[in-house]
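User: I am new to reading protein structures. Could you take me through this one, feature by feature?

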Amino acid sequence: MDVLMLSRLQFAAATMFHFLFVPLTLGISVLIACMETAYARTGKDVYKRMAKFWGKLFLINFTLGVVTGITLEFQFGTNWSRYSAYVGDIFGSLLAIEATAAFFLESTFIGVWHFGWDKLSPRAHAISAWLVAGASNLSAVWILIANGFMQNPLGYEIRNGRAELTDFVAVITNPWAWNQFVHTVSASFCVATFFIMGISAWHLLRKQNVEFFQKSFRLALYVGMASTAIVVLQGHIHGNLVAKLQPAKLAAMEAHWETQTNAPMYLLQIPDEKGEKNLVEALPVPGLLSFLAYNDFNAEVKGLRDFPAADRPPVSITFLAFRVMVGIGTLMPLLMLFGLLKRDELTSYPLYLKAMIWAMPLPYLGMQAGWAVTEVGRQPWIVYGLMRTSDAVSPIAASQAGASLVAMVLLYTLLGAAGAYLMFTFARKGPVDA
Amino acid sequence: MLETIWFLLWGVLWAVYFVLDGFDLGIGTLMPFLAKNEYEKRVMYNAGGPFWDGNEVWLLSAGGVTFAAFPQAYATMFSGLYSALMLLLFALILRGVSFEFRGKVENATWKSVWDACQVAGSFLPALLLGVAFANLFHGLPINEAHVNTGGLFDLLNPYGLLGGVFFVAMFCLHGALWLSIRATGELKDRAMATACKLWPAVLVLVLAFLAYTFVNTKLFTNYLANPHLFLILVAAVAGLVMARVYLAQGQAWKAWGGSAVFIACVALFGVVGLYPAILISTLNPAWSLTIHNASSSTLTLKIMLGVALVFVPLVIGYQAWSIMTFGKPINSEHDLEY
């Protein structure tokens, strides 16, 4: 394999592993802050116990998110130095703002929160929880503005052989970035709420700490219902934006080869990337693709064959990842809705509770798939329309990139296993008296 | 002018990073030598416990600011120091996780594995940072295309290694002083005694490093041209002396402050000596990356300056509050979280 492919794999491994932990952090930090606020206001012990129990799982998760994030800050320099030099004027400043405005706040107050149970008043402790939650979500804003520049570059001019900033406001008001932010954060709340509901369901099935886990389950249920609704509805708007700004990605998402009006969506489809066609196309919904892309059943949707081969993203991965994401996006609101209807008699529906345990990985998978669509679908560009990924890689030896890739995968696998073991152990143990 | 301000800010970020992460890296390195039992080990983990994460963000910021203000230097530096940086990052990852994971399972093997991660994950970064900065002071074989043509083993030259050993000793002293603030009883006494023993070693190493720097690098050129800059070195020495004097009086906080001044001034001494280069090319001075050929556009530098002027004082404010609130003696198991 060459440096380019090794570096892409390494970046994929580093971000995807990092992103196993980030979404839970974004969502559960807010929910824990809510629990603590309830404790500070009512003084009811159950809220403190909730914050402590979910907080313990949160800390294990948070630590893995933090340490794997360190690598990412430097990956652009180590493996993508040409990219860094070319767009650093814009992209680098966004990463630096993320660190100064958000990471400091998050990391300092996670220490305050962790060590402050007896040293701070419940109010001050709740405030530190909110600071952690706010800062985590603020970091999402900045990193998605940075990613937004890669997806839909704005506010720059090519000068001195590189992209230079000309309009900072355009960069930070990039519609792509804000759509991505809403999509990512609402999906993160899906991860967090399914996480809480799954673990609560496990305990409810065993009739352990029923009041505690019913309260937890319901809190997650209300927030989760809203999040799944937002992620799906806003996902449609997001799809419109993809159609408008990255038509090749849209075509790859649907394995849509021929330009046509009133384009259908096939419920069953198997793409053949080499043959530039689909092997199977069955169960068409007429005009649905046109509608999803342009809100108009008769709109023309450009097919992949009308893009130069060199400008097409990998079709199979983009297509499959999109299907997985949409499938999960359809299933999640249904699970939430059922829970909402039966919220007062949860324990009478053991099958539903069991399903919710097994549903825990779904939003995780959905997020990974969603990011695969976003990033693989952007190929062959590292910055859409501006710089190709193949022009961005560092002039390093393949052996270096290969060795670090192997070491990273090994290290992350071990850490992931240790983290999962701890999560399982403490999730099963249930709350201890605060 | 804007470039110069950013160059100095860049140096300040590294200096603050060394001062802050320096103490917890030092404590981690000293752990096998200082902790005699499980309780003392836990005290050592907890001594840096509330701070290590916030401290490490200074590294991210220093990296981020290199990217934002000097993108070409970021590109060359981190791709050129590829293997060393990966090693540093992996070590920091293991160390970070060891804080959180170690105490979660009551099993001797589990704990000793994380202890090993903590020690190696503290020692290696200290060593590598020293090696890296000594090599930056000396310069790297950077070619016309801004690519470092040297490999990992070229970094391990005698000057680089001396820099590494010096950093390890400096951070260990700093860590022992911080432990003197937070530990009580025998562990505190041991930490202070260790600091006393480390102090002459640090003194010898800093003198040796300066002498070697004088013959091996061009760092002193700026100083000889502007002798008042030697005040940085005077301040460094004053900080080191202050650390020893207050240590003898048993005033741990003030001794730690002296050590902090020393570390900050050592870092600034190097950065000011580099000016206006960020990365010196040993092949041809014209190929060096300087504030003139590696900086971002004026607009980016201005916006980032605004960001830095608002947030950096704020960060220093709340981190200082956190250090004041949590930097108190650990008296019993009750004070332990890790």
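## Reading the model

Analyst: Asn262(A) has 16 C-beta neighbours inside 10 Å, so it counts as partly exposed. Buried would need 20 or more, and exposed 12 or fewer. Keep in mind that this is a predicted model.

User: Which value does phi of His146(B) take? Is His146(B) buried or exposed?

Analyst: Phi of His146(B) is near 65°, again in a residue other than glycine. The count is 22 C-beta neighbours inside 10 Å, so His146(B) is buried. It belongs to the loop between α6 (108-138) and α7 (152-155) of chain B.

User: Now the strands. How many bridges join β4(A) to β5(A), and which way do the two run?

Analyst: Look for bridges, then for direction. Strand β4 (residues 265-272) and strand β5 (residues 277-285) of chain A are joined by seven bridges and run antiparallel. Take one pair: Gln269(A) has Glu281(A) as its bridge partner in β5(A).

User: What lies between those two strands?

Analyst: Four residues lie between the strands of this hairpin, and Glu276(A) there has a positive phi near 55°.

User: How many residues separate the strands in the hairpin of β1(A) and β2(A)?

Analyst: Two residues separate them, and Asn160(A) takes a positive phi near 50°. Strand β1 (residues 156-159) and strand β2 (residues 162-165) of chain A pair over four bridges, in the antiparallel sense. Tyr156(A) stands opposite Leu165(A) of β2(A).

User: What does Leu241(A) touch, its neighbours within four places in sequence aside?

Analyst: Pro175(A), Trp176(A) and Asn179(A) are its contacts on that count. Leu241(A) is placed in helix α7 (residues 210-245) of chain A. Its C-alpha atom is 8.1 Å from that of Ala293(A), 52 residues away along the chain. Leu241(A) is partly exposed, because it has 16 C-beta neighbours inside 10 Å.

User: Which residues have the most contacts inside the largest nonpolar core?

Analyst: They are Leu31(A), Leu173(B) and Leu279(B), in a core of 267 residues. The helix that gives the most to this core is α3 (residues 81-115) of chain A, with 21 residues. Leu173(B) touches Gly26(B), Ala195(B), Leu198(B), Trp199(B), Val202(B) and Ser259(B), not counting residues up to four places away in sequence.

User: How many residues does each chain bring to the contact?

Analyst: Chain B brings 53 residues and chain A brings 50. On the side of chain B that touches chain A, α13(B) gives the most, 14 residues. By class, that side has 32 nonpolar, 16 polar and five charged residues.

User: At what angle do α13(A) and α5(B) pack?

Analyst: Helix α13 (residues 398-429) of chain A and helix α5 (residues 82-101) of chain B pack at about 5°, with axes 11 Å apart. So α13(A) is roughly parallel to α5(B), since angles under 35 degrees count that way. Residues making the contact include Leu411(A) and Leu415(A) of α13(A), and Phe90(B) and Ile93(B) of α5(B). The contact has 11 nonpolar, three polar and no charged residues.

Definitions and conventions
Residues are numbered from 1 along each chain as its sequence is written. Chains are lettered from A and ligands numbered from 1 in the order in which they are written. This is a predicted model: local features need pLDDT of at least 70, side-chain atom pairs count only at pLDDT 80 or more; totals for chains, interfaces and linings use all residues. Axes are lines fitted to C-alpha atoms, for helices over the stretch in contact, and angles run from 0 to 180 degrees between N-to-C directions. Angles under 35 degrees count as roughly parallel, over 145 as roughly antiparallel, 65 to 115 as roughly perpendicular and the rest as oblique. Two residues are in contact if their C-beta atoms, placed from the backbone, lie within 7 Å. Ala, Val, Leu, Ile, Met, Phe, Trp, Tyr, Cys and Pro count as nonpolar, Asp, Glu, Lys and Arg as charged, and the others, Gly among them, as polar. A nonpolar core is a set of buried Ala, Val, Leu, Ile, Met, Phe, Trp, Tyr and Cys residues joined through C-beta atoms within 7 Å. Two strands pair if DSSP finds at least two bridges between them.
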